[in-house]
There are 4 protein chains.
Amino acid sequence: MSSVRPLFETADSTRLDFNTIVPDRFDPEHLVRQFCQVRQTTERMVAGLSPEDQNLQSMPDASPLKWHRAHTTWFFETFLLKPHDPGYQPVNEHYAYLFNSYYNGIGQQYPRAHRSLMSRPDSDEVGSYREQVNDAVIRLLESAPVNKLAEIAATVVLGLNHEQQHQELMVTDLKHALSFNPMAPAWTRRPDPQGPAAEQGWVDFSGGVVTVGHEGRTFAFDNETPRHEVMLGDFQLARRPVTCGEFAAFMDDGGYERPDLWLADGWAWVQNHGIEAPLYWQRSEDGWMLHTAGCWREMDPHEPICHISFYEAFAYAQWAGARLPTEVEWEIAARGEPVEGQFADSERYHPASCADSGRLVQLFGDVWEWTASSYASYPGFRPAAGAVGEYNGKFMANQMVLRGGSCATQPGHVRATYRNFFYPADRWQFSGLRLARDTA
Amino acid sequence: MSSVRPLFETADSTRLDFNTIVPDRFDPEHLVRQFCQVRQTTERMVAGLSPEDQNLQSMPDASPLKWHRAHTTWFFETFLLKPHDPGYQPVNEHYAYLFNSYYNGIGQQYPRAHRSLMSRPDSDEVGSYREQVNDAVIRLLESAPVNKLAEIAATVVLGLNHEQQHQELMVTDLKHALSFNPMAPAWTRRPDPQGPAAEQGWVDFSGGVVTVGHEGRTFAFDNETPRHEVMLGDFQLARRPVTCGEFAAFMDDGGYERPDLWLADGWAWVQNHGIEAPLYWQRSEDGWMLHTAGCWREMDPHEPICHISFYEAFAYAQWAGARLPTEVEWEIAARGEPVEGQFADSERYHPASCADSGRLVQLFGDVWEWTASSYASYPGFRPAAGAVGEYNGKFMANQMVLRGGSCATQPGHVRATYRNFFYPADRWQFSGLRLARDTA
Amino acid sequence: MSSVRPLFETADSTRLDFNTIVPDRFDPEHLVRQFCQVRQTTERMVAGLSPEDQNLQSMPDASPLKWHRAHTTWFFETFLLKPHDPGYQPVNEHYAYLFNSYYNGIGQQYPRAHRSLMSRPDSDEVGSYREQVNDAVIRLLESAPVNKLAEIAATVVLGLNHEQQHQELMVTDLKHALSFNPMAPAWTRRPDPQGPAAEQGWVDFSGGVVTVGHEGRTFAFDNETPRHEVMLGDFQLARRPVTCGEFAAFMDDGGYERPDLWLADGWAWVQNHGIEAPLYWQRSEDGWMLHTAGCWREMDPHEPICHISFYEAFAYAQWAGARLPTEVEWEIAARGEPVEGQFADSERYHPASCADSGRLVQLFGDVWEWTASSYASYPGFRPAAGAVGEYNGKFMANQMVLRGGSCATQPGHVRATYRNFFYPADRWQFSGLRLARDTA
Amino acid sequence: MSSVRPLFETADSTRLDFNTIVPDRFDPEHLVRQFCQVRQTTERMVAGLSPEDQNLQSMPDASPLKWHRAHTTWFFETFLLKPHDPGYQPVNEHYAYLFNSYYNGIGQQYPRAHRSLMSRPDSDEVGSYREQVNDAVIRLLESAPVNKLAEIAATVVLGLNHEQQHQELMVTDLKHALSFNPMAPAWTRRPDPQGPAAEQGWVDFSGGVVTVGHEGRTFAFDNETPRHEVMLGDFQLARRPVTCGEFAAFMDDGGYERPDLWLADGWAWVQNHGIEAPLYWQRSEDGWMLHTAGCWREMDPHEPICHISFYEAFAYAQWAGARLPTEVEWEIAARGEPVEGQFADSERYHPASCADSGRLVQLFGDVWEWTASSYASYPGFRPAAGAVGEYNGKFMANQMVLRGGSCATQPGHVRATYRNFFYPADRWQFSGLRLARDTA
């Protein structure tokens with residue numbers, strides 16, 4: 001309704017890339033610059049939003065943006081300042097309870113589903129909280145003894161990667177919340193239409209004993225390690241993700257009414273929730289309309305299909321006579337490809353078509369791609385010691401791995417070994433799929 | 001936590017009293033003054049609150065204060081301006097959907113449980129909506145043709161009484177929402193402590209054929225009519241409401257663990273929800289603490305028991321060897337008593353004790369009193385024509401009548417014939433009880 | 001599917017009539033005969049049913065027939081034998097827990113919703129339980145000291161009335177359970193079709209101070225007392241209940257889609273449960289089909305409408321420009337009319353038309369008639385002492401009174417003062433309505 | 001309570017072993033003998049049970065035994081007789097709907113949660129259904145043309161394996177249902193106590209590229225194929241499953257109160273359901289009591305822990321400083337071990353201790369062992385064509401693999417490649433765990 005500042009207006013000339021940071025040999029000044037950049041990005045994201053916008057929570061899985069702003073701050077306070085700055089005084093004793101997400105090792109947590117019931121601290125107070133913690137972190141980085149620097153730097157880098165993850169959630173959570181407002185408020189500019197999708201095709205990959213996982217020199221989350229060997233058969237991956245137009249063909253062919261295409265749990269989900277289309281699709285007289293950050297607009301058959309559950313991805317693949325790739329296949333195929341995309345820009349349509357039909361395109365920065373792999377620990381996986389060890393390991397049940405990165409992901413945040421994970425019914429992320437099949 | 005302006009800071013020298021307004025013979029200027037006064041009271045109530053405070057919704061039964069501000073405005077727009085002002089242009093076409101509470105005759109309604117998902121219109125936009133409608137109403141009152149004046153005045157007076165009801169809900173809904181914040185934010189000043197409760201005793205009333213209901217000359221809600229005769233036995237009413245100290249004795253005697261004291265549905269409610277005390281009571285090392293608008297403070301045994309359900313009121317009366325009064329008994333006893341109390345001031349403790357032990361005290365303005373009467377139509381009841389007829393009649397099932405008025409009720413709003421009604425399990429209103437018994 | 005013995009095959013020449021029993025002056029032999037007759041009726045009702053049939057429970061509100069057989073036996077064991085027979089040994093110590101329905105004064109109860117999980121005791125063991133208790137009761141009646149006889153007789157008569165109530169529930173609960181079986185099993189013979197419905201019309205009644213409630217000489221439930229005076233206006237009652245054909249006209253007129261006809265809670269119930277027709281109605285190519293005890297058969301427009309909720313009864317009355325009668329109006333009108341009907345025979349259609357158009361017909365024995373009165377205690381009501389006092393009083397909240405009696409009611413069980421009560425959404429009883437209106 | 005025939009009284013001298021059947025080269029007479037044996041085992045299992053016992057359903061996941069008897073019969077009717085016997089007339093047209101479990105390719109299904117609402121067909125009618133289908137199957141086997149024999153035999157063998165799976169479910173479902181009866185009915189004999197548990201220890205296994213999956217010559221379920229290579233690290237498996245005594249030490253150490261030991265979903269499950277012990281454990285004055293098929297008896301610290309969820313197995317392993325094995329590790333370790341155990345005998349304690357400490361014991365026939373592997377398709381997996389292809393593949397989401405076999409599994413039914421699967425919260429199966437760890 002009202003005109004809003006775009007979320008990400010400034011084209012950063014110096015985009016962050018954590019994939020090039022080596023914690024052992026870092027430059028404190030550089031780290032302070034990176035710290036400020038990530039922290040400012042969060043604030044820029046909410047600059048055009050009202051206090052009420054920032055306090056919306058449309059489901060227990062999503063959180064108010066104000067809460068994200070405070071929680072990412074609490075993370076630095078809890079895992080960096082309290083352990084490493086002896087004189088640090090917490091900004092408010094209640095925040096340890098209010099802004100702890102799920103770290104049982106730290107203490108109790110305010111009930112997740114009630115986060116929008118925190119009108120206090122208000123938006124300004126959270127802004128002040130952020131500034132006080134920023135100052136303390138910068139002071140710590142500038143004054144830390146040499147023998148502590150590596151550990152401090154590692155925690156800062158973890159905190160910045162953590163904040164980037166929440167920046168993506170801020171986009172998805174706000175999009176979900178605003179979809180409940182019948183006035184269809186826009187909160188960023190409408191992206192320009194793009195050209196047609198790249199031509200589809202299959203790219204061959206050879207199997208054998210392959211090595212996957214992060215090598216460990218630069219930053220990675222613990223769940224990407226340890227690097228290990230896997231036996232793999234020959235396989236093919238589709239050049240690009242499935243498009244909205246292709247998915248609409250599945251729908252026109254009765255895809256949502258044919259139990260033979262679905263996993264049993266997926267079919268039950270379709271029946272129990274009356275699912276008939278991807279999230280944010282609405283039938284109108286002129287065809288399908290899509291709710292986006294910029295507006296409701298007509299579905300473009302060339303853009304990647306998005307906001308589908310694992311169940312829908314699986315059913316589509318069945319219908320297409322193919323399957324989902326495993327996460328190992330995806331990683332092997334993506335390794336070496338440039339981490340390019342429209343990251344953190346807007347909800348984009350699709351890349352310009354690409355001349356070289358032998359290469360995969362749109363691996364990073366368009367949509368997260370559901371894989372056939374359940375989220376599990378790599379052989380020999382050891383979570384970090386202490387409460388921060390709850391970061392990843394304890395979620396290794398009932399969720400599926402997604403690979404790639406979406407238009408809401410921060411640039412520089414992802415890599416070929418990066419493992420995202422959500423429950424099979426989750427749809428509010430920018431989640432799509434790429435087909436795979438066994439080499440005949 | 002932060003210091004807040006008291007909600008009701010100005011002592012109005014000219015308190016409204018709708019019980020003295022005779023719609024047939026009213027003075028337009030006077031009505032404009034009353035209109036402005038009621039509308040300004042609503043805005044004064046939220047003056048110290050942040051946009052986030054105003055958008056809280058802690059349960060489907062409660063609404064955000066911003067929504068109350070908009071809904072009461074929509075009421076004038078819908079039932080006054082649209083029918084009576086041919087040139088009126090609605091402020092926003094979406095508001096008819098967003099701010100309709102339950103009037104099916106008007107159209108669909110935004111889902112009640114999702115009201116806090118409306119970040120837009122924001123608090124300022126709602127303020128502007130209120131001003132535009134105020135201007136239009138005043139213009140209409142100042143320019144209405146003489147032959148329409150009575151009907152217009154009746155609708156304005158209904159709208160003002162309606163807004164006063166929502167002013168009370170604003171207090172109870174905000175209190176409920178803030179109780180979820182562990183930082184215990186205060187939002188009005190703490191009331192001064194009062195002296196001891198009035199001495200308890202029984203007052204005798206004679207039965208026979210009595211006449212109840214509103215006589216109809218001044219304003220009353222339709223549910224107070226028609227006036228009619230009822231056969232009544234002799235009865236006694238307690239001088240004053242039950243106090244917190246008396247209710248605590250019931251609790252100490254195992255009141256919440258003895259099924260023999262409870263209605264079957266009440267006992268199921270106690271079991272299913274783990275009820276152990278009135279709403280807003282919390283056990284501490286120093287005894288019971290009560291959440292109030294001003295703070296968490298110690299329970300004062302002299303103040304009236306409050307925030308109890310009908311089930312708790314019933315169980316207490318059983319335990320005390322008495323019963324709840326019927327609404328007819330209450331009305332007969334209250335008729336003629338002055339409508340005095342601490343209305344709309346704060347959460348008060350209790351009145352000073354009263355020398356005349358033969359009279360009932362605290363009938364109005366302390367706590368709503370649960371009666372034994374289910375909410376039903378009076379013989380010959382006819383709701384108003386059109387959608388405004390949905391105001392009262394359609395709720396005449398499953399609810400119980402409360403009489404009196406509470407410290408959150410607007411002064412001048414209630415009278416002896418006034419019928420409030422809530423579901424038997426509701427507790428977020430300022431609801432208490434007064435005992436009754438048959439004359440031996 | 002298979003041929004089943006009719007439930008009530010023997011035309012009893014000596015029908016029980018508790019309305020003629022005066023506990024003070026009873027004949028032990030006569031009481032023994034009555035006792036045997038009621039107890040045998042229960043057993044005859046299940047004679048054609050398999051053990052699985054008897055153990056069905058289709059919702060928490062309904063119970064397995066085997067449980068009804070055992071619970072009514074437990075009633076005599078608990079309230080008669082244990083207090084009055086010093087040497088009595090309970091048949092099984094577990095039964096006090098398994099077969100207590102809701103008497104908290106007696107002890108804990110097996111969870112109501114799990115009653116069908118009691119495979120043991122099996123059907124034969126329950127039969128043996130019944131016989132052992134029968135023998136003990138008869139022995140007690142034959143040997144009781146004279147000074148105890150009145151109290152013992154009163155308890156026996158209460159137990160027999162209690163069992164008759166459960167006999168009606170056995171019909172309604174089994175009907176509900178069998179409706180889940182797509183093979184549509186019949187469990188009694190199909191009743192013969194009847195002639196057309198009686199001509200409809202209004203019968204006038206004069207108001208004033210009237211006396212209602214049971215006079216207390218013969219048996220009555222405590223909730224029918226005390227007899228008391230009520231002020232009543234003039235009113236009219238419809239000659240006969242509303243028919244299926246009349247209700248179908250309401251449906252054809254969009255009755256289930258018009259919120260203006262419904263109470264707010266009723267409309268929410270319609271929306272939340274997708275209600276489109278009375279219970280047991282199913283649309284077929286040939287029109288409406290009704291599930292009955294005997295079969296699925298075509299709806300007969302002349303039979304009384306049945307299996308509707310209070311909400312549906314209210315909406316129909318609104319649509320018809322009338323209202324529901326209060327229970328006082330019903331009682332005044334029914335007093336003096338013969339208690340005749342098709343009791344406990346089958347699901348009947350309607351009585352033969354009646355020449356005398358000035359009289360009410362079908363008051364008893366066709367369908368229970370929803371009234372506008374919520375179920376509440378009469379002025380001065382005192383429940384019986386002890387656990388048996390839980391019989392009626394504790395249900396006096398959230399339920400509505402029904403008057404009359406249905407085709408599933410035992411002959412002799414009801415009278416003009418009899419008060420039945422169910423929740424407004426309940427439909428599995430044989431519940432219909434009769435219209436009322438104020439005298440113009 | 002009453003004395004019941006043991007479920008499995010006859011020691012079969014000729015135990016079935018499907019692991020030795022080669023469908024291509026089978027002997028029809030032999031297959032008829034096997035068919036009769038499996039079908040008779042089902043009937044012997046219910047011989048001592050009442051019709052009510054057979055119709056119990058305590059949760060949607062479990063089914064009445066009568067339903068199992070009918071469903072396994074429907075399987076032969078649907079997948080064998082209808083396709084292969086042109087003259088076959090279904091016993092009852094309704095059964096296709098009532099007894100289809102989840103085969104959407106066949107048609108609609110009666111709602112799973114309502115299976116105990118089928119009182120008809122009754123137990124005898126289901127017995128007759130079984131006999132009619134048995135006769136038809138035997139006639140088909142004896143008269144089938146040679147060129148159809150292999151396909152017919154394969155379907156018969158699948159149907160028999162299917163029935164054996166349901167025989168295990170009959171044990172677990174009945175055990176669950178009877179646990180709701182406070183009279184603690186026994187339904188089989190109490191097993192004799194056994195000696196102490198085998199000494200615990202670690203057995204080493206070498207990794208590398210290993211081959212897993214069924215080789216395909218004899219019968220296997222489709223989910224065991226295709227055979228394929230996997231890269232595996234060195235690992236160690238515990239000699240025997242964890243015992244009740246060891247699990248009790250975990251409980252005494254606060255295992256159920258320490259979130260650090262649990263997966264996030266597991267901890268939520270513990271909190272939401274108030275889990276404090278394995279299923280069927282009840283604290284008494286004399287220590288833990290266990291509900292078994294034979295009685296409530298004292299927990300024996302030497303018997304394998306049983307009736308635990310995946311979450312509990314995971315938490316125990318965390319506490320013990322170990323982990324769960326993957327299904328590949330389990331299969332590699334079990335391959336070559338004899339498939340011995342107490343199958344289908346009773347709820348046994350544990351095997352006699354074993355002298356050779358270098359070998360794994362109790363792999364088969366005591367408890368199913370939770371693995372760390374989610375249930376997924378093997379590379380190149382292809383389900384069977386047609387509706388029977390719904391047998392396994394569509395369940396490959398959200399479930400975890402269990403390996404081994406339990407005391408309720410039929411002898412000859414399992415093998416090293418066998419994959420059982422349940423949801424992580426399921427506990428009503430005989431599920432336990434064996435520890436694993438990486439070789440240091």
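A word on ground rules. This is a predicted model, where local features need pLDDT of at least 70, side-chain atom pairs count only at pLDDT 80 or more, and totals for chains, interfaces and linings use all residues. Residues are numbered from 1 along each chain as its sequence is written, while chains are lettered from A and ligands numbered from 1 in the order in which they are written.

Now the contact itself. It joins 24 residues of chain D to 24 residues of chain C; contact means C-beta atoms, placed from the backbone, within 7 Å. On the chain D side, helix α2 (residues 51–54) gives the largest share, 3 residues. Helices are DSSP runs of H or I, at least four residues, and strands are runs of E, at least two, numbered from the N terminus. By class, that side of chain D has 11 nonpolar, 9 polar and 4 charged residues. Nonpolar covers Ala, Val, Leu, Ile, Met, Phe, Trp, Tyr, Cys and Pro; charged covers Asp, Glu, Lys and Arg; the others, Gly among them, are polar.

What about chains B and A? Chain B puts in 24 residues, and chain A 24. On the side of chain B, helix α2 (residues 51–54) gives the most, with 3 residues.

Last stop, Ser374(B). It sits in strand β8 (residues 368–374) of chain B. Is Ser374(B) buried or exposed? Buried, with 24 other C-beta atoms within 10 Å. The cut-offs, with C-beta atoms placed from the backbone: 20 or more others within 10 Å is buried, 12 or fewer is exposed, and in between is partly exposed. Which residues does Ser374(B) touch, leaving out those up to four places away in sequence? Gln399(B) and Met400(B), plus Ser374(C) and Ala376(C). His166(B) is 208 residues from Ser374(B) in sequence and 22 Å away in space, C-alpha to C-alpha.

Methods:
Two residues are in contact if their C-beta atoms, placed from the backbone, lie within 7 Å.
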